[in-house]
Amino acid sequence: MKINENCSIVGERVILVPYKKHHVLRYHKWMNSEELQELTASEPLTLEQEYQMQESWHQDENKLTFIIMESKNWNDAVTTEEDCMCGDVNLFLNNPDDKSEAEIEIMIAEPSYRGQGFGTEAIYLMMNYGVQKLNLQKITAKIGLKNKSSLALFHKLGFEEVSRSEVFQEATLDLPLTDQLREVLLSKTEGSRIIEYRPKR
């Protein structure tokens with residue numbers, strides 16, 4: 001999706017930046033992990049296919065992708081952009097009849113960044129962006145039944161399970177974006193800002 005190709009969302013501990021070609025190599029290394037392939041129900045791709053996928057997602061108006069950066073590393077002058085990458089967060093507008101509904105996905109790929117709240121902050125920032133820029137009314141999440149940490153995280157955020165597929169081994173969770181929840185999102189993302197994306201040099 002091109003709406004976010006030139007913007008970053010700056011939070012307290014994470015910065016969301018658009019998924020660019022210079023992120024692909026690290027992303028490809030992540031997705032060679034059998035653990036992440038299982039947790040994300042993904043098939044391994046070649047590096048060339050990964051570059052093609054990045055470009056495809058950039059052009060697709062139904063897919064919104066940000067790379068999650070750890071802000072402390074980002075603000076360190078000696079680190080590269082790749083050094084700061086810890087995961088990604090996505091919104092998919094999968095319902096052609098209702099663009100006010102989106103599916104969210106989150107991956108904290110770097111093990112050292114898990115369990116520290118980075119995923120929670122990234123989800124709040126992404127949901128608030130979806131409300132403010134895409135006028136979303138409902139967000140869903142499809143999570144593998146083996147991914148206990150993600151299931152616990154989304155339940156903690158207020159998502160409720162609406163269905164479960166034993167065939168695909170995943171649960172579908174919904175979160176209606178009520179006026180009350182919109183106020184919560186504003187509170188949780190207070191102090192965040194959207195700025196022009198400038199690659200870290």
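**Exercise 1. Is strand E4 (residues 85-92) enclosed or open, and how many of its residues are buried?**

Let's start with the terms. A strand is a DSSP run of E with at least two residues, numbered from the N terminus. Buried means under 20% relative accessible area, using a 1.4 Å probe and protein chains only. Now count: eight of the eight residues of E4 are buried, so the rest of the structure largely encloses this strand.

A quick word on the source: this is a predicted model, where local features need pLDDT of at least 70 and side-chain atom pairs count only at pLDDT 80 or more, while totals for chains, interfaces and linings use all residues. Residues are numbered from 1 along each chain as its sequence is written, and side-chain values use heavy atoms, leaving out hydrogens and water.

**Exercise 2. Which strand does E4 join through seven bridges, and which through six?**

Strands pair if DSSP finds at least two bridges between them. Step one: E3 (residues 63-70) is joined to E4 by seven bridges, and the two run antiparallel. Here lysine 63 sits opposite phenylalanine 92 of E4. Step two: six bridges link E4 with E5 (residues 101-108), again antiparallel. In this pair, leucine 91 faces isoleucine 104 of E5.

**Exercise 3. At what angle do helices H6 (residues 118-134) and H8 (residues 179-188) pack?**

Helices are DSSP runs of H or I with at least four residues. Axes are lines fitted to C-alpha atoms over the stretch in contact, and angles run from 0 to 180 degrees between N-to-C directions. For H6 and H8, the angle is about 125°, with the axes 9 Å apart.

Technical notes: Buried means under 20% relative accessible area, exposed over 50%, partly exposed in between (1.4 Å probe, protein chains only).
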